[in-house]
Amino acid sequence: MATLTIPVEEKKKTHEQEALITGAEAIAIACKLANVDVVTAYPIRPYDTVMQYISQLVADGEMDCEYIVAEGEHSQFEIVKHASACGARVFCGSSGVGWMYAMECLTVTPALRIPMVAMVGNRALDDPGAFGVEHNDALSVRDLGWMLTWVDSAQEALDTALIAYRVAEDRRMFVPLAISCDGAFLTHSQALVKIPALEQVKKFLPPYNRGDLLLHPDNVISVAPQANEDWVMEVRRQNYAVTEIACDVIREVYTDFEKTFGRKYGNPFFEEYMTKDADVVLLGMGTMSTPVKVAVRKMREEGKKVGFVRLRWFRPFAGPEIAKCLERFKAIGVIDRDFSFGSPDLSGVVATELRSAMYTSAATRPPVLDFICGLGGREVTVPDVEKMTEITFEAAKGKAQPLTQWIGLRE
Amino acid sequence: MSTFVDEKPTQNLEPFKGVKKVPHEEYYTSGHRTCQGCESAQIMKLMAKAAGPRTIVLGSTGCMYVANTSYYATPWGVPWMHTQLGSSGSSALGAAAAFRVQMRKGVMKDEPINVIAFCGDGGGADMGLGAISATMCHPDYNLLILMYDNESYANTDIQISGASPYGVNTSFSTPGKVKRIMNHRWKKNMAPLMMVGHPTVKYVGTISTSYPLQAMNNVRKALSIGGPTFIHCLNPCPKGWDFDPVLSFELGELAVNTGIWPLYEIENGKLSLYGKTKDIANHKFKRLPVRDYLLKQGRFAHFIEEDIEFFQSKIDEMWDKWLVPGIIPLQREIEAE
């Protein structure tokens, strides 16, 4: 009975689909669903698979956008910056030193109020060469006004990409947003992903409206003239004002996401895993959640009251909320897949930020230990996690521990 | 699709037929803080006038950003946006792509919009060369890159760029007790580089602000022909070149008449010389000695006779030995002929 069959293309519009795809492909599909207008690509592993998928979507006529392969990351980000100023919804991305090559453009984008969405396939910075994950690439823009989020599954990558456009293009925000996906562990790993229907996405994500900032002959404005000491401080203050409301906007969008698609993320800023009765918790970002959760379950079976907190949003850093969550534990072990050489206590970036948040916002101040682990794509193993937990338990018992330790390091 | 290039129509900007036919409307007016006698500001004004109101301009860092566009005092009567020093190429590409896709999707009125990105010689011949080159390879986007060339980084205290002349005195190439000549580089030949390196480009040309009507008409042609185009404009700079501002116009003429700055257009692969340059090539006009040009400028005041002779010999070489005189520096094997 031919009448019972709905053509696949029609079905995609109205029905949720399920597919076995990688994290990079999930973001490519999100770009298609979001009807992105201008995409710029430049090759660097591991983020670049997202551009391979988009290129195919364009070639197959599934996605209508200007797909431009730039001659370097600097141009890649400048092209979309200007396209966004001219009213187009844009997407680009990079990894490791590629992201750093674009640094000048990353710097100017927040002040220009460009709601660019970028994917960072987290990768170790050169030298020495390594394709594997490290978070220092994306973290390099943490002070500049970018929003930064870390996802740990292909499903979350797709959902977060849709959320990202909603948040970034909210007129109260208008700042760029980077979605960090751990190189290889997420960019190249397949999982079953629910792909929302196009109609649902349209309901959730209104078209990008540049409003009175649009660069177009009908709107004669001069964007970013020389301001000097007369006005630069006021411009910076406007970006600061965005950070004051960022958490509220993100919360709003997650609520609406849940209403539209029925998928719940709970607290948008962090995920808690087996923390309810935990004495100590580990805390980290990205795909390390997989081995950590396995280890936590194993240790729970052994009667150890340990939990895990996965930080989703690094910028904005929901300081008071995170502090409120963490103040109830006896000790916290932060797993930093990054470094911040010469920082206070020689810790990684996440631990340093967290200590700062705890100092001002927590009622009690449990010890915050830092573990530098999994650099350059090295696996964070279950025994690693057990070791870190053990040390954290020692700290909980009041036994002084070094504030920063390197775990999984060759002797 | 039957064609390999998806072309979009451009505005059809007919040439202004004489100075009296040039419209009164200005799209680059008061508000800028450029120096007296600034020819770079002059080309901004001419460029905007030539392009007209359905235009957006993207300006990379340089004099024409820093001295030109101050907050609350913009001189621009068309939409203008700052772009990074090396990004004139990418900014134009991004804007053109955004207009194109939004018009295709029906969310923006479908009309030809001029996209112009300008850069100085530092932003164009040095830092932005890669991005401009990449942009010149995209035949489906209509845009113009205009490089105003005052032969130095003129807003950061005058430093040599890849387009500075040989031997010039700048704050990075000051003559000293032992070395008289600190800049041994010969000026980068930008327009031919753009043309020869990017065979699908339909229009590349040189202009001079000393010939304003011609300059405007060349801008109009570049905007009408379709695809990415490039114009290189020489702009005498009283501050950087160290001369009395009253001489700006005359120095522009002298650069042409000495053969240092040839005027030409390359349109769909066809080269045509114009103005005095054409007469030089046709032997109707004898090139003036470069001495007349060099010695009017303080930046060459340290030149001794030997330096002037060397400079002259290089210009002679351009006209006597180059395969395409004044333009393409491949040399004929004269002896073999």
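## The nonpolar core

A nonpolar core is here a set of buried Ala, Val, Leu, Ile, Met, Phe, Trp, Tyr and Cys residues that are joined through C-beta atoms within 7 Å. In this predicted model, the largest such core has 231 residues, and those with the most contacts inside it are A:I27 and B:A95. The element that gives the most to this core is helix α8 of chain A, residues 154–168, with ten residues. Because domain 1 (2–261) and domain 2 (270–407) of chain A both give residues to the core, it lies between them.

Once neighbours within four places in sequence are left aside, A:I27 is in contact with A:V50, A:M119, A:A157, A:L158, A:A161 and A:I179.

## The contact between chains A and B

The contact takes 39 residues from chain A and 41 residues from chain B. On the side of chain A that touches chain B, two or more residues come from each of β3 (66–69), α4 (73–85), α6 (103–111), β9 (222–223) and α10 (228–261) of chain A. The largest share of that side, nine residues, is given by α4(A). When the residues on this side of chain A are sorted by class, 22 are nonpolar, nine are polar and eight are charged.

## Strand pairing across the chains

Strand β9(A), one of the elements listed for the side of chain A that touches chain B, is joined by two bridges to strand β2 of chain B, residues 80–83, and the two strands run parallel. Within this pairing, A:V223 stands opposite B:M81 in β2(B).

Notes
Residues are numbered from 1 along each chain as its sequence is written. Chains are lettered from A and ligands numbered from 1 in the order in which they are written. This is a predicted model: local features need pLDDT of at least 70, side-chain atom pairs count only at pLDDT 80 or more; totals for chains, interfaces and linings use all residues. Two residues are in contact if their C-beta atoms, placed from the backbone, lie within 7 Å. Helices (H or I, at least four residues) and strands (E, at least two) are DSSP runs, numbered from the N terminus. Ala, Val, Leu, Ile, Met, Phe, Trp, Tyr, Cys and Pro count as nonpolar, Asp, Glu, Lys and Arg as charged, and the others, Gly among them, as polar. Two strands pair if DSSP finds at least two bridges between them. A residue is buried if 20 or more other C-beta atoms lie within 10 Å of its own, exposed if 12 or fewer, and partly exposed in between; C-beta atoms are placed from the backbone. Domain bounds come from an automatic or database domain assignment.
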